[in-house]
Amino acid sequence: MMVESKTVSSSPDLPGRTFAFGTLHLEADGTLTRGDEVIHLPPKELAALILLLTHASQIVTHQQLKKALWGDVHVTDDSVPKCVSSLRELLAPDDYIQTVYKRGYRLSVEVHRGSSEMFEGRPRLVIMPFSSEMNVPVYLGSSIAEETIALLTADQLCPVHVLARDSAFSLAARGMTAHQVGEALQADLVLTGTLRSLPSYFRLRAEMIRVNDGTQIWVEDMLVSQARVAGLESELANRLFVRLSTYDSFLSSRHSLAATKTEDPGRREAYELFLRGHHEWQTLQRHRMQDGIQHLLRAIELDPSLYAAHIDLANACVIQAYSGFISLTQAAEQVRRAAQSVPPSVEGGEAILPALGWIHFHADHDLPAALRAFATSAHLPHETSVTRLRSMFALSRHRFLEAIEILNEALHADPYSPWLNARLAWAYHLSGEAAESVAQAEHGLDIFPDHESTNIYGAIILAFNGNTNRALAVSENLVRRSPYLDPAMAVHGYALAQSGRTDEARSILERLQWLSRERFVLSSFTAPICAALGDIEAAIAELNTAAESQCPWFFQLLADPRLESLHGHPQFAGLQKILERMESAAEKKPAQHL
């Protein structure tokens, strides 16, 4: 599926809004000034600048600019670069427009939004997962908080900058208070709340706290029928906007959606199943993930137009494949079906493209199609599923510096995300930066000692770099807590082999090989155990199996320093040529001009 970007008019459409960036100030009427100097911008250059400003810190693709400036009119491929070049000349001597290789353009300067009457930066808001009291479904409090974050983040006129979900939720899970989370994330405001069950009703008490002095600014009580809980996050978002802004046009496009969700009983049930499914699959526990998938499928059956459920289903299937719970073939089937169900014109539909691009790469070995999908969705801001797939795609292509840049950029916005910190350690490991990988792994283990990805990557990196005692302690704890996770067992086997406990390592290897005869097992993770045991041919055999089964870790493992002993083996060289052929095909058939 290909999703078109929304057209931005060539005349400014900034009712009441101004932008300040660097030495420049853009008024609501389109007047650009530097101090007392007025800079006259032609309509196309002004429209390009507005698009970059409204997507501040995000990448704006060539396709987005082309669509925004010329709509459906055919123009030459160099029209966008010429327009951007002209805009750069007009902004000189300031050089604020950065070209991102093969992805697009973005502003390299901080952008502040304000009103035409009074400019001021937007306050930084943290939304905590709402606590759920007795008789309230465990998923509901966090789900309503997540949906509120999504609604506020999606609206360009939102008067607050909503901070990333992962950091807030992970710090809350460590027992930090709302005020402590706000201080850790350097926020101005924190929203917290409690969801209580009453006869036939849910009551949400939301509390806004000012971080610098801990003052409670306001409290809101919202009472909704338990049959109409699906609209609670929209009501909360609207009340937040009224409290924080003088604008009247917040989420106008979403009022009808909330009404639709709550008026039709089938759609209400579908939405509640979507919230429950989203909560369940993110646990990374085999049976709960499968339950989450079933909830999403049922939600889609009840309401095929609930496109968020289709997108969530695609992302859940990708994570299931990475966890070894389903094969890539099964994941690909679900992702393709989900992508076909999301019309190109639906708002936010581009969010399914990273999952589809991932399938094009791993299942189809069609790199040009994968590049098209990732390029078309390059404007999407950091969000857990989007950034995860972008970084893993870069790592699978052995674009390690690109992956590290993606992860560091996301960590700037989401510094306490467990999986971002873990994935950065893995990226350093694959790139051969041993000291950086160890430091990052230790950092993750110190902050998130019980997080699965943190433990998996941490045990690998520590064992490879000689700290086998710590690696064994981490991997033993991981296997004890997550016995359903095959990569955890494989990582423990590798740590045992590295520490010289070869009999125990072989026992784990044999168990995984036995399991592979009954169900899908990620054989890429067993190859390093064989290599650590000195059995090169067995390691090659495991990699061949991984290639045949299209294991999603296969391409990354080809760059894993743990398999350095395989380099020079003719069959290993043959496996490396798979990626080389894909890259060569992409060079001959460029995915998109940027």
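Begin at the largest cavity, which has a volume of about 30 Å³. The model in the viewer is a predicted one, and a search of the whole structure finds one cavity of 30 Å³ or more.

**The largest cavity**

Select N421, A422, A425, Q440, A441, G444, T454, Y457 and G458 to display the lining of this cavity. Colouring by helix shows that α17 (418-430), α18 and α19 (452-464) each contribute at least two residues to that lining.

**E442 in helix α18**

Next, select helix α18, residues 434-447, and centre the view on E442 within it. Which residues does E442 touch, leaving aside those up to four places away in sequence? They are L462, N467 and R470. Show the side chains of E442 and R470, which are joined by a polar contact of 2.4 Å.

Turn now to the second largest pocket, which holds about 1400 Å³ of space. Its lining comprises 43 residues, and a selection of Q282, T283, L284, H451 and E452 marks those closest to the pocket centre. To see the elements around this pocket, select β9 (131-132), α4 (140-154), α5 (165-173), α9 (265-281), α11 (307-323), α15 (384-396), α17 and α19, each of which supplies at least two lining residues. Helix α5 provides the largest share of the lining, with six residues. Colour the pocket lining by class to find 22 nonpolar, 12 polar and nine charged residues.

**The pair α1 and α3**

Move to helix α1 (residues 43-54) and helix α3 (residues 79-91), and display both axes. Two packed helices are described by the angle between their axes and the distance between the axes. Here the axes come within 9 Å and cross at roughly 85 degrees; α1 and α3 are therefore roughly perpendicular to each other. For the contact itself, select K44, E45, A48, L49 and L52 on the α1 side, and C83, S86, L87 and L90 on the α3 side. By class, the residues of this contact are six nonpolar, one polar and two charged.

**Two backbone features**

The last two stops concern the backbone. Most residues other than glycine have a negative phi, and most peptide bonds are trans.

Select A92 and P93, where the peptide bond is cis, with omega about 10 degrees. P93 lies in the loop between α3 and β5 (97-100).

Finally, select H365. Where in the chain is H365 placed? The residue sits in the loop between α13 (353-362) and α14 (367-376). H365 is not a glycine, yet its phi is positive, at about 55 degrees.

Terms used:
Residues are numbered from 1 along each chain as its sequence is written. This is a predicted model: local features need pLDDT of at least 70, side-chain atom pairs count only at pLDDT 80 or more; totals for chains, interfaces and linings use all residues. Side-chain values use heavy atoms; hydrogens and water are left out. Axes are lines fitted to C-alpha atoms, for helices over the stretch in contact, and angles run from 0 to 180 degrees between N-to-C directions. Helices (H or I, at least four residues) and strands (E, at least two) are DSSP runs, numbered from the N terminus. Angles under 35 degrees count as roughly parallel, over 145 as roughly antiparallel, 65 to 115 as roughly perpendicular and the rest as oblique. Contact means heavy atoms within 4.5 Å. Ala, Val, Leu, Ile, Met, Phe, Trp, Tyr, Cys and Pro count as nonpolar, Asp, Glu, Lys and Arg as charged, and the others, Gly among them, as polar. A polar contact is a pair of N or O atoms within 3.5 Å; within protein, one must be able to donate a hydrogen and the other to accept it, and residues adjacent in sequence count only if both atoms are side-chain atoms. On a 1 Å grid over the protein atoms alone, a cavity is a set of points where a 1.4 Å probe fits but cannot get out, and a pocket is an open set with protein on both sides within 12 Å along at least five of seven lines; lining residues have an atom within 4 Å of a point. Grid points are joined across faces, edges and corners, and a volume is the space filled by probe spheres set on the points.
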